[in-house]
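Okay, thanks for coming, everyone. Let me put the structure up and we'll walk through it together.

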Amino acid sequence: MQVRTLRTIVAGRPALVVTRSSTVTEAARQMKQRNVGSALVVDGTRLVGIFTERDALYRVLAAGRDPASTGIGDVMTPQPQTMHPDEPFVRALRTMHEGRFRHLPVVEFGRPIGIVSVRDALD
């Protein structure tokens, strides 16, 4: 059996990238349009956080914040765990399981090149 690397999974599938100043509404619309559950948050080209469906639910809606005026930088998960694209997918799955999260940014030379999720295991 051939080992699938993260690079093969994210190839040709760029992640949704937003800035800290993007609003929750803007990010949510883009997430819906692309049918994804997360967005990578960058400062220039450097990954600084991740914004997920769960962040929207817990940190915005349940907290009573206005999504149209709330910046992603205020509700993102900062400094997310990342993985290099040459790592095997099974290692990413283990990391997500142990960390109890569903989205894992793939980063090379300090720049995000994609994202994998537990949903990728179904493909």
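So, Val18 stands opposite Val41 in β2. Those strands, β1 and β2 (residues 38-43), run parallel and are joined by three bridges. Strands and helices here are DSSP runs (E, at least two residues, for strands; H or I, at least four, for helices), numbered from the N terminus. Remember, this is a predicted model: local features need pLDDT of at least 70, side-chain atom pairs count only at pLDDT 80 or more, and totals for chains, interfaces and linings use all residues. Residues are numbered from 1 along each chain as its sequence is written, and side-chain values use heavy atoms, with hydrogens and water left out.

Zooming out, four strands make an open, mixed sheet in the order β1-β2-β3-β4; pairing takes at least two DSSP bridges between two strands. At the edges sit β1 (17-19) and β4 (77-78), each pairing on one side only.

Now α5, residues 89-99. Which of its residues are buried? Phe89, Ala92, Thr95 and Met96, where buried means under 20% relative accessible area and exposed over 50%, with partly exposed in between (1.4 Å probe, protein chains only). They're on the same side of α5 because they cover an arc of only 115° around the axis, taking directions from the helix axis to the C-beta atoms. Their cover includes α1 (6-10), β5 (103-108) and β6 (111-117), with contact meaning heavy atoms within 4.5 Å. On the face turned away from that buried side, you've got His97 and Glu98, both exposed. And just after α5, Arg100 takes a positive phi of about 60°.
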